[in-house]
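Here's a quick walk through one part of this protein, followed by a stop at a single residue. Have a look at the structure first, then read on.

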Amino acid sequence: MISSIRGTRDILPGEVERWQHLERVARSVCERYGYREIRTPVVEREELFAKGTGESTDIVQKEMYTFVDKGGEHVTLRPEATPSIVRAFVEHSLEQALPTVKLFTLGPMFRYERPQKGRYRQFHQLNVEAFGIIDSSLDAEIIETAATLVAELGIEDVELLINSVGCPGCRPAFGQALLKALGNQVPKLCADCQRRAKMNPLRIFDCKVQADQLIIDALPHSIDYLCEDCREHFNKTKRGLGVYGLDYRVSHRLVRGLDYYTRTTFEILGHSLGAQNAVLGGGRYDGLVKRLGGPDRAGVGFAAGLERLVLAMPGDAGAITVPDAFIATIGEEAREPAQLLARDLRHAGLTILIDYEGRSPRSQMKRADRTGARFVLIVGGNELAQGEVSIKNMKTGEQDTLARADVGTRLFSTKPVQETPTLANLCR
Ligand code: HAM
């Protein structure tokens with residue numbers, strides 16, 4: 001047997017319905033907030049991430065699936081989608097093509113990390129990115145979008161963390177302050193932190209090594225080094241969150257493991273998860289479009305880990321599609337009419353299963369029961385000659401006979417109805 005690769009997973013029927021539910025909710029939220037879908041390749045030039053995600057990040061230093069292809073090109077399986085979306089924004093001049101550039105994408109990402117619950121080498125993200133707006137009202141709206149996604153998925157016991165990492169104007173002073181506070185303690189830190197101290201001291205906050213935490217906890221906070229504009233932006237963002245009634249905690253350690261962030265950073269933690277409890281994270285990245293060769297345009301966004309959302313969703317989320325009917329046949333001559341009946345009902349929009357093997361009526365009924373179909377349609381015998389079908393309600397056990405033409409109406413009219421929400425019962 002050839003098994004799957006470590007850190008990758010099959011999403012099997014039974015679980016996949018939860019994913020489909022999640023994807024439906026994600027698309028619906030994105031569309032309602034004005035995002036259009038974009039799909040970019042999973043493979044990109046290595047330099048896109050070196051430049052975009054940043055040379056000093058763990059992702060670029062240790063976690064990329066990079067290889068030389070047969071044409072000698074250095075290519076990488078995307079570890080995140082933000083640089084790809086920015087590349088597409090620049091490459092296709094999307095700002096001319098779309099009135100407001102708000103984009104989302106769903107798909108797999110690849111990071112060579114140590115696998116554990118909620119952390120995989122191939123995982124999936126929803127990415128939500130908005131371009132061209134500096135105003136903090138967008139920061140607040142994006143965070144509210146993320147919170148809405150989590151709420152609509154029924155995920156409870158969550159916590160919103162925010163921070164501001166400043167801008168290229170004020171961050172160097174903070175970097176200096178970090179180095180000053182570290183003083184002669186740098187050699188006591190782990191090897192990664194010693195590298196981080198040289199390349200980008202802010203990255204020291206990404207450290208998970210237990211022995212380093214006491215030193216890191218005592219380091220200065222970025223929000224105490226913000227320039228006037230960044231402080232104002234942060235205050236307005238917090239006010240915006242207040243307008244939406246969102247609770248948050250300012251976390252000084254939330255610098256996020258990517259180099260492109262400016263000003264706002266945020267994460268939502270799911271406390272029902274284990275060690276890997278960030279269900280989503282994001283922030284503002286105002287210099288990234290320019291760094292990747294585009295115009296000087298602002299950007300804000302977030303990415304949610306779909307595996308983690310699925311883990312945090314309530315157990316009953318994502319119902320399996322209940323088959324409307326299972327078609328059983330009696331006798332060989334019933335099989336072709338049954339196949340046509342199945343086709344017609346499917347074309348009409350119903351979910352229909354059918355027996356393929358001409359088994360005994362008893363074993364067909366048993367199978368129908370296992371599928372959970374609402375009805376069994378029995379095709380054969382006298383009814384077949386008269387253009388009729390027997391229909392058995394699997395819940396009540398009642399059985400009667402219907403004209404073939406009326407079967408669809410019966411199946412539609414008995415479908416469970418979904419309530420239409422009203423503004424009054426939706427708004428908090
Ligand atoms: P990130 O924090 O690296 O940010 O990833 C976002 C989310 O992806 C995490 O909160 C987590 O839920 C999930 N995730 C990350 N790594 C793994 C993994 N190995 N296994 C399972 N889930 C994982 C970004 O990727 C940024 N591009 C977010 C962003 C978009 N910032 C601005 N725009």
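## A parallel pair

Let's start with two strands. Strand E12, residues 325–330, is joined to E13 by 3 bridges, and the two run parallel. Within this pair, Phe 326 sits opposite Leu 353 of E13. Keep in mind that you're looking at a predicted model.

## The whole sheet

Now zoom out. These strands belong to an open sheet of 5 strands, in the order E13-E12-E14-E15-E16, and the pairing is mixed. Strand E13 (352–354) and strand E16 (399–403) are the edge strands, so called because each pairs on one side only. Going from one strand to the next, the twist averages 30°.

## Helices on the sheet

Helix H13, made of residues 335–348, packs on the sheet. It touches E12, E13, strand E14 (375–380) and strand E15 (388–393), and its direction makes about 165° with that of E13.

Then there's helix H14, residues 361–371. Helix H14 lies across E12, E13, E14 and E15, and runs at about 175° to E12.

## A stop at Tyr 33

Where does Tyr 33 sit? You'll find Tyr 33 in the loop between helix H1 (16–32) and strand E1 (36–37).

Is Tyr 33 buried or exposed? Its relative accessibility is 18%, and buried means under 20%, so Tyr 33 counts as buried. Leaving out residues up to four places away in sequence, Tyr 33 touches Lys 102, Glu 141, Glu 144, Thr 145 and Thr 148. As for Met 109, that residue is 76 residues from Tyr 33 in sequence and 24 Å away in space, C-alpha to C-alpha.

Note on methods: Residues numbered from 1 in each chain as written. Predicted model: local features only at pLDDT ≥ 70, side-chain atom pairs only at ≥ 80, totals over all residues. Heavy atoms only, no water. Helix = DSSP H or I, 4+ residues; strand = E, 2+ residues; numbered from the N terminus. Axes fitted to C-alpha atoms, helices over the stretch in contact; angles between N-to-C directions. Contact = heavy atoms within 4.5 Å. Buried < 20%, exposed > 50% of the residue type's maximum accessible area, 1.4 Å probe, protein only.
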